[in-house]
Amino acid sequence: MANFTLNAQARAADVQGKGASRRLRHAAQLPAIIYGGDAEPVAITLELRQLVKALENNAFFEEVIEIVVGDKTESVKIQALQRHPAKNTPMHADFKRA
């Protein structure tokens, strides 16, 4: 069982891109992607507050994380995290299936 569980919503193809990502960040949401394994990549949206709380623990970067997308649960590890250069807040996250 993973120590970290994040809730997410899947994003449709028309809600992706630069403008849509900016609107998400303005609404305290974080664009992210889950890829790897045999399944197709899934674009998701995370709640910024929930991710920032998880990032406070260094084990977040080493352990398997469970992301609940709708009725499906993905076991992933964080692959990359982009942060704002001045504010140091997360801007995008990449997760790789474990």
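Reader: How do strands E2 and E6 pair, parallel or antiparallel?
Author: In this predicted model, E2 (residues 29–35) and E6 (residues 90–97) pair in the parallel sense, over 4 bridges.

Reader: Which residue is the bridge partner of Ala-32 in E6?
Author: Ala-93 is the bridge partner of Ala-32.

Reader: And E5 with E6, parallel or antiparallel?
Author: Antiparallel: strand E5 (residues 72–83) and E6 are joined over 7 bridges. Within that pairing, Ile-78 stands opposite Phe-95 in E6.

Reader: How many residues sit between the strands in the hairpin of E5 and E6?
Author: The hairpin has 6 residues between the strands, and Asn-88 takes a positive phi near 65° there.

Reader: Where is Ala-28?
Author: Ala-28 lies in the loop between helix H1 (18–26) and E2.

Reader: New topic. What is the volume of the largest pocket?
Author: About 170 Å³.

Reader: Which residues line the largest pocket?
Author: The lining consists of Arg-25, Gln-29, Leu-30, Leu-48, His-84, Lys-87, Thr-89, Pro-90 and Met-91. E2 and E6 are the elements that give two or more residues to that lining. By type, the lining residues are 4 nonpolar, 3 polar and 2 charged.

Reader: What about the largest nonpolar core, which residues touch the most other members?
Author: The core has 20 residues, and those touching the most other members are Leu-6, Ile-44, Leu-46, Phe-60, Ile-65, Ile-67 and Phe-95. Elements giving two or more residues to this core include strand E1 (4–10), strand E3 (42–47) and helix H2 (48–55).

Reader: What is Leu-46 in contact with, leaving aside neighbours within four places in sequence?
Author: On that basis, Leu-46 is in contact with Leu-6, Asn-7, Ala-8, Gln-29, Leu-30, Ala-32 and Phe-95.

Reader: And Thr-45, buried or exposed?
Author: Buried, because Thr-45 has 5% relative accessibility and the cut-off for buried is under 20%. Thr-45 is in strand E3. Leaving aside neighbours within four places in sequence, its contacts are Asn-7, Ala-8, Gln-9, Arg-11, Leu-24, Gln-29 and Leu-30.

How values were computed:
Residues numbered from 1 in each chain as written. Predicted model: local features only at pLDDT ≥ 70, side-chain atom pairs only at ≥ 80, totals over all residues. Heavy atoms only, no water. Pairing = 2+ DSSP bridges. 1 Å grid on protein atoms, 1.4 Å probe; cavity = no way out; pocket = protein on both sides within 12 Å on 5 of 7 lines; lining within 4 Å. Points joined across faces, edges and corners; volume = space filled by probe spheres on them. Nonpolar A, V, L, I, M, F, W, Y, C, P; charged D, E, K, R; others polar. Core = buried A, V, L, I, M, F, W, Y, C linked by side-chain atoms within 4.5 Å. Buried < 20%, exposed > 50% of the residue type's maximum accessible area, 1.4 Å probe, protein only. Contact = heavy atoms within 4.5 Å.
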